[in-house]
Amino acid sequence: MSDANRTQVLSTDPNRTQMGAPPRLDPNKTVMGAAPTKFEATVTIKPVQCSVCKTFNPAGVMFCVDCGLIFDRALPDDAFGAPVIKLPMIVDASGKEQPVRPGENVVGREADVSIVDGRVSRRHAMLTSQHGQITLEDLGSTNGTKIDGQALTAGEKRVLKGGETISLGGAEVRLALPGAAGGNVTQVFSSNKTAAIAAPPRKEAAPAILSGPDGEQSLRAGVSTFGRRDENDIPIKDSYVSGKHGQIEVTEHGIFLTDLGSSNGTFLNGAKLAPNMRTELSPEDTIRLGSLEYRVRMA
(Lines give C-alpha, C1' and ligand atoms only; values in the text may rest on other atoms or scores of the structure.)
Protein backbone atom coordinates (compact mmCIF):
# COMPACT_ATOMS: atom_id res chain seq x y z
CA MET A 1 0.00 0.00 0.00
CA SER A 2 1.06 3.49 -0.56
CA ASP A 3 1.85 5.54 2.52
CA ALA A 4 0.44 9.03 2.10
CA ASN A 5 2.85 10.39 4.74
CA ARG A 6 5.97 9.00 3.01
CA THR A 7 8.11 11.29 0.91
CA GLN A 8 7.72 10.41 -2.74
CA VAL A 9 10.73 10.68 -5.10
CA LEU A 10 9.74 12.01 -8.49
CA SER A 11 11.26 10.24 -11.39
CA THR A 12 11.63 13.43 -13.42
CA ASP A 13 11.95 16.93 -11.97
CA PRO A 14 11.63 19.51 -14.78
CA ASN A 15 13.38 22.13 -12.62
CA ARG A 16 16.31 19.99 -11.64
CA THR A 17 19.68 20.35 -13.36
CA GLN A 18 20.36 17.27 -15.40
CA MET A 19 23.91 15.98 -15.84
CA GLY A 20 24.67 14.76 -19.29
CA ALA A 21 27.57 13.87 -21.61
CA PRO A 22 30.27 16.48 -22.23
CA PRO A 23 29.62 18.74 -25.27
CA ARG A 24 30.97 17.72 -28.65
CA LEU A 25 33.03 19.99 -30.96
CA ASP A 26 30.80 21.91 -33.38
CA PRO A 27 32.47 21.87 -36.83
CA ASN A 28 30.61 25.08 -37.74
CA LYS A 29 31.90 27.00 -34.74
CA THR A 30 34.77 29.46 -35.21
CA VAL A 31 37.87 28.35 -33.34
CA MET A 32 40.41 30.97 -32.32
CA GLY A 33 44.00 29.97 -32.92
CA ALA A 34 47.44 31.49 -32.84
CA ALA A 35 48.29 34.24 -35.32
CA PRO A 36 50.62 33.27 -38.20
CA THR A 37 54.24 34.23 -37.97
CA LYS A 38 55.80 36.65 -40.44
CA PHE A 39 57.23 33.71 -42.34
CA GLU A 40 53.78 32.16 -42.80
CA ALA A 41 51.97 35.39 -43.81
CA THR A 42 51.04 35.91 -47.49
CA VAL A 43 53.06 38.64 -49.22
CA THR A 44 51.12 40.75 -51.75
CA ILE A 45 53.01 41.95 -54.86
CA LYS A 46 51.51 45.19 -56.12
CA PRO A 47 51.12 45.58 -59.90
CA VAL A 48 52.47 48.63 -61.70
CA GLN A 49 49.80 50.92 -63.19
CA CYS A 50 50.62 52.71 -66.44
CA SER A 51 50.25 56.48 -66.15
CA VAL A 52 49.02 56.77 -69.76
CA CYS A 53 46.50 53.96 -70.43
CA LYS A 54 45.95 53.00 -66.72
CA THR A 55 46.65 49.30 -67.41
CA PHE A 56 47.91 47.26 -64.44
CA ASN A 57 51.19 45.51 -65.32
CA PRO A 58 53.05 42.70 -63.51
CA ALA A 59 55.81 43.78 -61.15
CA GLY A 60 59.23 44.01 -62.74
CA VAL A 61 58.29 44.85 -66.32
CA MET A 62 60.05 47.76 -68.04
CA PHE A 63 57.17 48.77 -70.32
CA CYS A 64 53.37 48.79 -70.34
CA VAL A 65 52.07 45.56 -71.88
CA ASP A 66 49.18 47.48 -73.45
CA CYS A 67 50.50 50.79 -74.81
CA GLY A 68 54.28 50.14 -74.66
CA LEU A 69 55.13 53.11 -72.41
CA ILE A 70 58.64 52.77 -70.96
CA PHE A 71 58.51 53.10 -67.18
CA ASP A 72 60.94 55.43 -65.41
CA ARG A 73 62.15 52.61 -63.21
CA ALA A 74 61.90 48.82 -63.32
CA LEU A 75 62.86 46.20 -60.77
CA PRO A 76 66.00 44.20 -61.62
CA ASP A 77 64.01 40.98 -61.42
CA ASP A 78 60.36 40.09 -61.71
CA ALA A 79 58.19 38.62 -58.94
CA PHE A 80 59.52 35.12 -59.54
CA GLY A 81 63.20 36.01 -59.64
CA ALA A 82 63.61 35.80 -63.42
CA PRO A 83 65.70 38.48 -65.15
CA VAL A 84 63.94 41.25 -67.05
CA ILE A 85 63.87 40.53 -70.80
CA LYS A 86 64.39 43.47 -73.15
CA LEU A 87 62.34 43.10 -76.30
CA PRO A 88 62.78 44.66 -79.74
CA MET A 89 60.61 47.73 -80.23
CA ILE A 90 58.63 49.29 -83.08
CA VAL A 91 59.04 53.08 -82.83
CA ASP A 92 56.78 55.52 -84.67
CA ALA A 93 57.52 59.12 -85.67
CA SER A 94 56.27 60.47 -82.31
CA GLY A 95 58.62 58.18 -80.36
CA LYS A 96 55.93 55.80 -79.12
CA GLU A 97 57.34 52.30 -78.60
CA GLN A 98 55.56 48.97 -78.93
CA PRO A 99 57.24 45.63 -78.14
CA VAL A 100 57.80 42.83 -80.63
CA ARG A 101 57.10 39.71 -78.58
CA PRO A 102 58.44 36.23 -79.38
CA GLY A 103 56.42 34.52 -82.11
CA GLU A 104 54.08 36.19 -84.57
CA ASN A 105 53.09 39.86 -84.17
CA VAL A 106 50.45 41.26 -86.54
CA VAL A 107 51.00 44.91 -87.46
CA GLY A 108 48.02 47.07 -88.46
CA ARG A 109 45.21 49.34 -87.34
CA GLU A 110 43.62 46.54 -85.28
CA ALA A 111 46.55 44.26 -84.44
CA ASP A 112 49.20 43.30 -81.87
CA VAL A 113 51.33 46.26 -82.97
CA SER A 114 48.74 48.99 -83.47
CA ILE A 115 49.46 51.73 -86.05
CA VAL A 116 46.52 54.14 -86.07
CA ASP A 117 46.74 55.59 -89.58
CA GLY A 118 44.21 55.59 -92.41
CA ARG A 119 46.85 54.34 -94.85
CA VAL A 120 47.48 51.19 -92.79
CA SER A 121 45.31 48.09 -93.25
CA ARG A 122 43.69 46.39 -90.27
CA ARG A 123 46.06 43.41 -90.74
CA HIS A 124 48.85 45.02 -92.74
CA ALA A 125 52.01 42.99 -92.05
CA MET A 126 53.48 40.28 -89.85
CA LEU A 127 56.59 40.57 -87.66
CA THR A 128 57.91 37.16 -86.59
CA SER A 129 60.52 36.92 -83.84
CA GLN A 130 62.06 33.49 -83.38
CA HIS A 131 65.51 31.88 -83.07
CA GLY A 132 67.07 35.31 -82.54
CA GLN A 133 65.83 36.58 -85.91
CA ILE A 134 63.05 38.99 -86.90
CA THR A 135 61.32 38.78 -90.27
CA LEU A 136 58.73 41.07 -91.86
CA GLU A 137 55.98 39.87 -94.20
CA ASP A 138 53.28 41.85 -96.03
CA LEU A 139 49.82 40.30 -95.51
CA GLY A 140 48.35 41.53 -98.78
CA SER A 141 47.83 45.08 -97.52
CA THR A 142 46.00 47.67 -99.59
CA ASN A 143 48.78 50.27 -99.72
CA GLY A 144 51.80 47.96 -99.54
CA THR A 145 54.88 47.63 -97.32
CA LYS A 146 58.39 48.93 -97.93
CA ILE A 147 61.71 48.44 -96.13
CA ASP A 148 64.13 51.35 -96.64
CA GLY A 149 62.21 52.22 -99.81
CA GLN A 150 62.19 48.68 -101.24
CA ALA A 151 58.70 47.25 -101.72
CA LEU A 152 57.68 43.86 -100.34
CA THR A 153 55.43 41.65 -102.42
CA ALA A 154 52.51 40.01 -100.63
CA GLY A 155 53.72 36.92 -98.77
CA GLU A 156 57.42 37.77 -99.15
CA LYS A 157 59.44 37.51 -95.91
CA ARG A 158 62.52 39.65 -95.33
CA VAL A 159 64.97 39.47 -92.41
CA LEU A 160 65.40 42.70 -90.42
CA LYS A 161 68.68 43.69 -88.77
CA GLY A 162 67.39 46.67 -86.79
CA GLY A 163 67.27 50.37 -87.63
CA GLU A 164 65.37 49.90 -90.89
CA THR A 165 62.64 52.36 -91.86
CA ILE A 166 59.43 50.41 -92.48
CA SER A 167 56.76 52.14 -94.56
CA LEU A 168 53.24 50.80 -94.04
CA GLY A 169 51.34 52.42 -96.89
CA GLY A 170 53.26 55.65 -96.18
CA ALA A 171 53.14 55.55 -92.36
CA GLU A 172 56.77 55.11 -91.28
CA VAL A 173 58.07 53.24 -88.23
CA ARG A 174 61.45 51.82 -87.22
CA LEU A 175 62.63 48.59 -85.64
CA ALA A 176 64.93 49.14 -82.65
CA LEU A 177 66.82 46.20 -81.18
CA PRO A 178 68.05 45.95 -77.55
CA GLY A 179 71.67 46.96 -77.15
CA ALA A 180 71.73 49.06 -80.33
CA ALA A 181 74.77 51.18 -81.12
CA GLY A 182 75.25 54.02 -78.71
CA GLY A 183 73.64 52.15 -75.85
CA ASN A 184 70.10 53.27 -76.74
CA VAL A 185 67.44 50.63 -76.93
CA THR A 186 65.34 52.71 -79.27
CA GLN A 187 65.92 55.55 -81.66
CA VAL A 188 63.44 58.36 -82.18
CA PHE A 189 63.17 59.89 -85.63
CA SER A 190 63.90 63.41 -84.44
CA SER A 191 64.60 65.22 -81.22
CA ASN A 192 62.04 67.48 -79.61
CA LYS A 193 64.77 69.86 -78.42
CA THR A 194 65.19 73.24 -80.09
CA ALA A 195 68.45 73.50 -82.04
CA ALA A 196 70.09 76.39 -83.81
CA ILE A 197 70.00 76.24 -87.61
CA ALA A 198 72.31 77.91 -90.09
CA ALA A 199 69.55 78.96 -92.47
CA PRO A 200 65.78 79.39 -92.17
CA PRO A 201 63.77 76.34 -93.23
CA ARG A 202 62.30 76.29 -96.69
CA LYS A 203 58.85 75.02 -97.52
CA GLU A 204 59.05 71.73 -99.37
CA ALA A 205 57.54 71.95 -102.82
CA ALA A 206 54.73 69.52 -103.55
CA PRO A 207 55.69 67.03 -106.29
CA ALA A 208 52.14 66.92 -107.74
CA ILE A 209 48.90 68.90 -107.82
CA LEU A 210 45.31 67.60 -107.74
CA SER A 211 42.77 69.98 -109.29
CA GLY A 212 39.03 69.54 -108.88
CA PRO A 213 35.73 71.27 -108.09
CA ASP A 214 37.13 72.72 -104.84
CA GLY A 215 40.29 74.09 -106.42
CA GLU A 216 43.85 72.74 -106.29
CA GLN A 217 45.41 70.56 -103.58
CA SER A 218 49.05 69.60 -103.13
CA LEU A 219 49.96 65.92 -103.23
CA ARG A 220 52.95 64.69 -101.25
CA ALA A 221 55.29 61.96 -102.35
CA GLY A 222 53.95 58.51 -101.52
CA VAL A 223 50.38 57.31 -101.13
CA SER A 224 47.42 59.65 -100.50
CA THR A 225 44.00 58.12 -99.93
CA PHE A 226 40.74 59.82 -100.92
CA GLY A 227 37.18 59.17 -99.79
CA ARG A 228 34.23 60.44 -97.77
CA ARG A 229 35.79 59.80 -94.31
CA ASP A 230 37.79 62.52 -92.57
CA GLU A 231 40.69 60.09 -91.95
CA ASN A 232 41.57 60.18 -95.67
CA ASP A 233 44.39 62.40 -96.91
CA ILE A 234 41.92 63.88 -99.43
CA PRO A 235 38.41 63.94 -97.88
CA ILE A 236 35.63 64.31 -100.46
CA LYS A 237 32.21 65.06 -98.95
CA ASP A 238 29.95 63.52 -101.57
CA SER A 239 27.36 60.78 -101.07
CA TYR A 240 28.52 59.05 -104.26
CA VAL A 241 32.04 58.60 -102.86
CA SER A 242 32.82 55.63 -100.59
CA GLY A 243 34.33 56.02 -97.12
CA LYS A 244 37.74 54.98 -98.46
CA HIS A 245 37.29 55.23 -102.19
CA GLY A 246 40.77 55.07 -103.71
CA GLN A 247 44.35 56.27 -103.57
CA ILE A 248 46.84 58.33 -105.59
CA GLU A 249 50.50 57.35 -105.39
CA VAL A 250 53.18 59.88 -106.37
CA THR A 251 56.58 58.35 -107.13
CA GLU A 252 59.70 59.43 -108.99
CA HIS A 253 58.58 57.13 -111.82
CA GLY A 254 55.11 58.65 -112.22
CA ILE A 255 51.65 59.09 -110.67
CA PHE A 256 49.38 56.08 -110.18
CA LEU A 257 45.66 55.78 -109.41
CA THR A 258 44.01 52.80 -107.66
CA ASP A 259 40.35 52.16 -106.87
CA LEU A 260 40.08 50.46 -103.44
CA GLY A 261 36.91 48.50 -104.13
CA SER A 262 34.53 51.48 -103.95
CA SER A 263 30.77 50.97 -104.22
CA ASN A 264 30.20 53.23 -107.25
CA GLY A 265 33.58 52.89 -108.91
CA THR A 266 36.30 55.21 -110.22
CA PHE A 267 36.29 56.27 -113.88
CA LEU A 268 39.39 57.25 -115.85
CA ASN A 269 38.64 58.99 -119.16
CA GLY A 270 35.14 57.46 -119.04
CA ALA A 271 36.34 53.87 -118.41
CA LYS A 272 35.65 52.21 -115.06
CA LEU A 273 38.79 50.99 -113.27
CA ALA A 274 38.94 47.46 -111.93
CA PRO A 275 39.24 47.37 -108.11
CA ASN A 276 42.82 47.39 -106.75
CA MET A 277 44.32 47.81 -110.23
CA ARG A 278 47.22 50.32 -110.16
CA THR A 279 46.98 52.58 -113.24
CA GLU A 280 49.49 55.22 -114.30
CA LEU A 281 48.14 58.72 -114.96
CA SER A 282 49.06 61.36 -117.53
CA PRO A 283 48.36 65.13 -117.27
CA GLU A 284 45.53 64.82 -119.84
CA ASP A 285 43.66 62.12 -117.92
CA THR A 286 40.33 62.94 -116.26
CA ILE A 287 39.29 61.18 -113.05
CA ARG A 288 35.54 61.07 -112.47
CA LEU A 289 33.79 60.18 -109.20
CA GLY A 290 30.09 60.44 -109.99
CA SER A 291 29.60 64.04 -111.18
CA LEU A 292 32.97 65.22 -109.78
CA GLU A 293 35.97 65.49 -112.11
CA TYR A 294 39.64 65.73 -111.14
CA ARG A 295 43.02 66.02 -112.86
CA VAL A 296 46.50 65.31 -111.56
CA ARG A 297 49.72 66.89 -112.83
CA MET A 298 53.32 67.02 -111.74
CA ALA A 299 54.24 70.28 -110.05
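Gly246 stands opposite Asp259 in strand E19. That pair belongs to a predicted model, in which local features need pLDDT of at least 70, side-chain atom pairs count only at pLDDT 80 or more, and totals for chains, interfaces and linings use all residues. Residues are numbered from 1 along each chain as its sequence is written, and side-chain values use heavy atoms, with hydrogens and water left out.

- Strands here are DSSP runs of E, at least two residues, numbered from the N terminus.
- Two strands pair if DSSP finds at least two bridges between them.
- Strand E18 (residues 246–251) pairs with strand E19 (residues 254–259) in the antiparallel sense, over six bridges.
- Both sit in an open sheet of five strands, ordered E17-E16-E18-E19-E22, with mixed pairing.
- Strand E17 (234–235) and strand E22 (279–280) are the edge strands, each pairing on one side only.

**Sheet with E5 and E6**

- Another open sheet has five strands in the order E6-E5-E7-E8-E11, and its pairing is mixed.
- Its edge strands are E6 (113–114) and E11 (157–160), each pairing on one side only.
- E5 (residues 103–108) runs parallel to E6, and two bridges join them.
- Val107 stands opposite Val113 in E6.

**Largest pocket**

- A pocket is an open set of points on a 1 Å grid over the protein atoms alone, where a 1.4 Å probe fits, with protein on both sides within 12 Å along at least five of seven lines; lining residues have an atom within 4 Å of a point.
- The largest pocket holds about 770 Å³ of space, a volume filled by probe spheres set on the points.
- Its lining has 32 residues, and Asn143, Lys146, Val223, Glu249 and Thr251 lie nearest the centre.
- E18 supplies the largest share of that lining, four residues.
- By class, the lining has seven nonpolar, 17 polar and eight charged residues.

**Nonpolar cores**

- A nonpolar core is a set of buried Ala, Val, Leu, Ile, Met, Phe, Trp, Tyr and Cys residues joined through side-chain atoms within 4.5 Å; buried means under 20% relative accessible area (1.4 Å probe, protein chains only).
- The largest core has 19 residues, and Leu219, Ile236, Ile248 and Val296 have the most contacts inside it.
- Strand E24 (292–298) is among the strands that each supply at least two residues of this core.
- E24 gives the most to this core, three residues.
- Apart from this core lies another, of 18 residues, including Val120 and Leu160.

Conventions:
Ala, Val, Leu, Ile, Met, Phe, Trp, Tyr, Cys and Pro count as nonpolar, Asp, Glu, Lys and Arg as charged, and the others, Gly among them, as polar. Buried means under 20% relative accessible area, exposed over 50%, partly exposed in between (1.4 Å probe, protein chains only).
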